[in-house]
Amino acid sequence: MEKFIQVFDDIIPISMANRLEQIALDGDIHYKYISNITDKSSSKYYPGFSYPLIFRDKDLYQPPCFEFSQILYRLCFKLNILLIDIIQARIFLQIPSINSGRNGIHVDIFNPHWVCLYYVCDSDGDTILFDDNENEIQRVSPKKGRIVFFDGSIKHCSSSPAKTHRAVINFDFIGKKL
């Protein structure tokens, strides 16, 4: 399959986007601090917070995963995709940093999959996507309700925000276009 990147601003209704933002930022979610938002094993310091929603291999399904999974179901419905498996889903939260800039370039997992990134709120701290040689091919700015859908083999990274918090929900999944 050919690599792709698609950006959507019209899949999630504003009432749902408001509710998801309220759950993610004002709800009873117990985020875990991590010193590197993109690579826990790295000695580089890109701090943030994470909350696992779904981890198939650990049989983990946290309480708010139903509300957040509606994002992925709506994307699949719009694009006529059969959702086969959600490999993992998590929320990442970054707070403003004086060391704003690009975080570690990575792929989420090495098996074939697709990625759905959902921006919980307006923020700075773009997502940057790269070709195989790590040349930048696209930047996506966080906008409440925006979805970035792309081939999971595409290298990407977040950027640390400088002005406000950055919250994103990340789904790694397997699907089939119908």
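Predicted model: local features only at pLDDT ≥ 70, side-chain atom pairs only at ≥ 80, totals over all residues.
Asn80 lies in the loop between helix α2 and strand β5 (81-94). Asn80 directly follows α2, and its phi is positive, near 60 degrees. Most residues other than glycine have a negative phi. Asn80 is not a glycine, yet its phi is positive, at about 60 degrees. With a relative accessible area of 43%, Asn80 is partly exposed, since buried residues fall under 20% and exposed ones over 50%.

The helix that leads to this loop may be considered next. Helix α2 covers residues 65-79, which makes 15 residues in total. From its first C-alpha to its last, α2 reaches 21 Å, close to the 21 Å expected at 1.5 Å a residue. Several residues of α2 are buried, namely Cys65, Phe68, Ser69, Ile71, Leu72, Leu75 and Cys76.

Helix α1, comprising residues 14-26, has an axis that comes within 9 Å of the axis of α2. The two axes cross at roughly 140 degrees. Angles over 145 degrees would count as roughly antiparallel, and those from 65 to 115 as roughly perpendicular; α1 and α2 are therefore oblique to each other. The crossing in which α1 passes α2 is left-handed.

Ser50 and Gln94 are 44 residues apart in sequence, while their C-alpha atoms are 8.8 Å apart in space. Ser50 is buried, its relative accessible area being 15%.

The description now turns to a sheet. Four strands form an open sheet in the order β6-β11-β8-β9, and their pairing is antiparallel. At the edges stand β6 (101-102) and β9, each of which has a single partner strand, so one side of each is left without a neighbour in the sheet.

Strand β8, residues 127-130, has a partner on either side in the order of this sheet. Thr127 and Leu129 point one way from β8, whereas Ile128 and Phe130 point the other way. Whichever way they point, all of these residues are buried.

With strand β9 (residues 136-140), β8 pairs in the antiparallel sense over 4 bridges. Val140 in β9 is the bridge partner of Thr127. The hairpin formed by β8 and β9 has 5 residues between the strands, and Glu134 lies in that loop. Glu134 is a residue other than glycine, but its phi is positive, near 65 degrees. Its relative accessible area is 40%, so Glu134 is partly exposed.

With strand β11 (residues 155-160), β8 again pairs in the antiparallel sense, over 4 bridges. Two positions illustrate this pairing. Ile128 stands opposite Cys157 in β11, and Phe130 has Lys155 of β11 as its bridge partner.

How many disulfides does a search of the whole structure find? The search finds 0 disulfides. Cys121 is in no disulfide, and the nearest cysteine sulfur, that of Cys116, is 16 Å away. Cys157 is likewise in no disulfide; for this residue the nearest cysteine sulfur belongs to Cys121 and is 18 Å away. A disulfide is a covalent bond between the sulfur atoms of two cysteines. In this analysis the two sulfur atoms must lie within 2.5 Å for a pair to count as a disulfide.

Are Cys121 and Cys157 buried or exposed? Cys121 counts as buried because its relative accessibility is 3%. Cys157 counts as buried because its relative accessibility is 1%.

Key. Residues numbered from 1 in each chain as written. Heavy atoms only, no water. Helix = DSSP H or I, 4+ residues; strand = E, 2+ residues; numbered from the N terminus. Expected span 1.5 Å × (residues − 1). Buried < 20%, exposed > 50% of the residue type's maximum accessible area, 1.4 Å probe, protein only. Pairing = 2+ DSSP bridges. Axes fitted to C-alpha atoms, helices over the stretch in contact; angles between N-to-C directions. Parallel < 35°, antiparallel > 145°, perpendicular 65-115°, else oblique. Left-handed = near helix turned anticlockwise from the far one by under 90°.
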